[in-house]
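Please keep the sequence and the structure open beside them as you read.

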Amino acid sequence: MPLSITPLAGNGGSSLPVIVVAGMAFEAKIARGNGVEVVFAARSDLLQRALDAAVARGCSGIVSFGTAGGLAPDLEPGSLIVADAVEGPSGRIDTDRSWSDRLAAAMASGPLAARLQRGAMAAVAAPLITAADKHALHRSTGALAVDMESHIAGSTAAAHGVPFAVCRAIVDPSWRTLPSAATAGLRDDGSTALGPILRELIRQPSQLGALIQLAGDARAARLSLVQARQAMTKAGALDLAIA
């Protein structure tokens, strides 16, 4: 299976790109821009391979960007997290304080101000499906949200001595248990197939209401990611050459 790598979109050759790490194709599409190289995959080994190849070409920093599951009970869909650290399978990885502050400052005014949170992220190797599992992880880590990519991005950044940051939007809140149809169509490369989702709905039509609710949550998360990316661009917050 080919690795999912979006080539650098031209920063005039003045500096090395920032690598954006995502899990899904739609997140990668939002992240693309000048001075940025995006790597994405839903399967961890594919993501690691793509990230290693991108780092080998050179980078100024690595940022984990995309959606996340809510762990803190007060976070609504569309809430935005700029993380101070990631609690992952191999322990805690701190983000770069200066860079994280710049990212947060870029979003601290305008439509994102009321949705922005700072705190720890958790990262896991498999999706957290149930509200009970989310509650348990929040209780054990104190993390605000969870994803499946930030620990890979963070450990790679640490290994290569480059700055690391996290910007993630809540898609499924802590109290929501995901229907099985929600993950049925996710391909290893981060794209989505409609057929498996429809088969899941045919098998269990009672999931339809939860899937419609999730679609609304996903719209809120996508909007926050788009606005966050626009704010980063306006503030130059992804240009580490001027940090």
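1. Which residue in S9 is the bridge partner of Ala68? In this predicted model, the partner is Ile170. Ala68 itself belongs to strand S4, and S4 runs parallel to strand S9 (residues 164-172), with eight bridges joining the two.

2. Let's stay with Ala68 for a moment. Its relative accessible area is 3%, so Ala68 is buried. Setting aside neighbours within four places in sequence, Ala68 has contacts with Met121, with Ala145, Val146 and Asp147, and with Arg168, Ala169, Ile170, Val171 and Asp172. Strand S9 spans residues 164-172, and strand S8 spans residues 145-147. For a sense of distance, Gly33 is 35 residues from Ala68 along the chain, and the C-alpha atoms of the two are 22 Å apart.

3. Now for the other partners of S4. Strand S2 (residues 18-22) pairs with S4 in the parallel sense through four bridges, and Val18 has Gly61 of S4 as its bridge partner. Strand S8 pairs with S4 too, but in the antiparallel sense and over two bridges; here Gly69 stands opposite Val146. How many of the residues of S4 (residues 61-70) are buried? The count is 10 of 10. As background, side chains in a regular strand alternate between the two faces of the sheet.

4. A word on the annotation. UniProt, in an unreviewed entry, places the feature "domain: Nucleoside phosphorylase" at residues 54-172.

5. Thr95 deserves a look. Thr95 sits in the loop that runs between strand S6 (91-94) and helix H3 (97-107). Is Thr95 buried or exposed? Thr95 counts as buried, because its relative accessibility is 9%. A polar atom of the Thr95 side chain lies 2.8 Å from the backbone oxygen of Ala83, and the Thr95 side chain also makes a polar contact, at 3.2 Å, with the side chain of Ser100. Beyond its neighbours within four places in sequence, Thr95 is in contact with Ala83, Asp84 and Ala85, with Ser100, and with Phe164, Ala165 and Val166.

6. Ser191 is another loop residue to check, placed between helix H6 (181-184) and helix H7 (194-203). Its relative accessibility is 19%, and the cut-off for buried is under 20%, so Ser191 counts as buried. The Ser191 side chain makes a polar contact with the side chain of Asp189 at 2.7 Å. Not counting residues up to four places away in sequence, Ser191 touches Ala25, Gly185 and Leu186.

7. The largest nonpolar core has 38 residues, and the members that touch the most others are Phe65, Leu80, Trp99, Leu103, Met107 and Leu238. Helix H8 (residues 208-235) gives this core its largest share, seven residues. Apart from this core lies another, of 30 residues, including Leu46, Leu47, Ala50 and Ala145. Leu103 touches Val82, Ala165, Met232, Ala237 and Leu238, leaving out residues up to four places away in sequence. In soluble globular proteins, nonpolar side chains tend to be buried together.

8. Helix H5 (residues 150-160) has a set of buried residues: Ser150, His151, Ile152, Ala153, Gly154, Thr156 and Ala157. Just after H5 comes Gly161, with a positive phi of about 65 degrees.

9. How many disulfides does the structure hold? The count is zero.

Technical notes
Residues numbered from 1 in each chain as written. Predicted model: local features only at pLDDT ≥ 70, side-chain atom pairs only at ≥ 80, totals over all residues. Heavy atoms only, no water. Disulfide = S-S within 2.5 Å. UniProt positions renumbered as here; feature names shortened; annotations may be inferred. Buried < 20%, exposed > 50% of the residue type's maximum accessible area, 1.4 Å probe, protein only. Polar contact = N/O pair within 3.5 Å; in protein donor to acceptor, adjacent residues only side chain to side chain. Contact = heavy atoms within 4.5 Å. Pairing = 2+ DSSP bridges. Core = buried A, V, L, I, M, F, W, Y, C linked by side-chain atoms within 4.5 Å.
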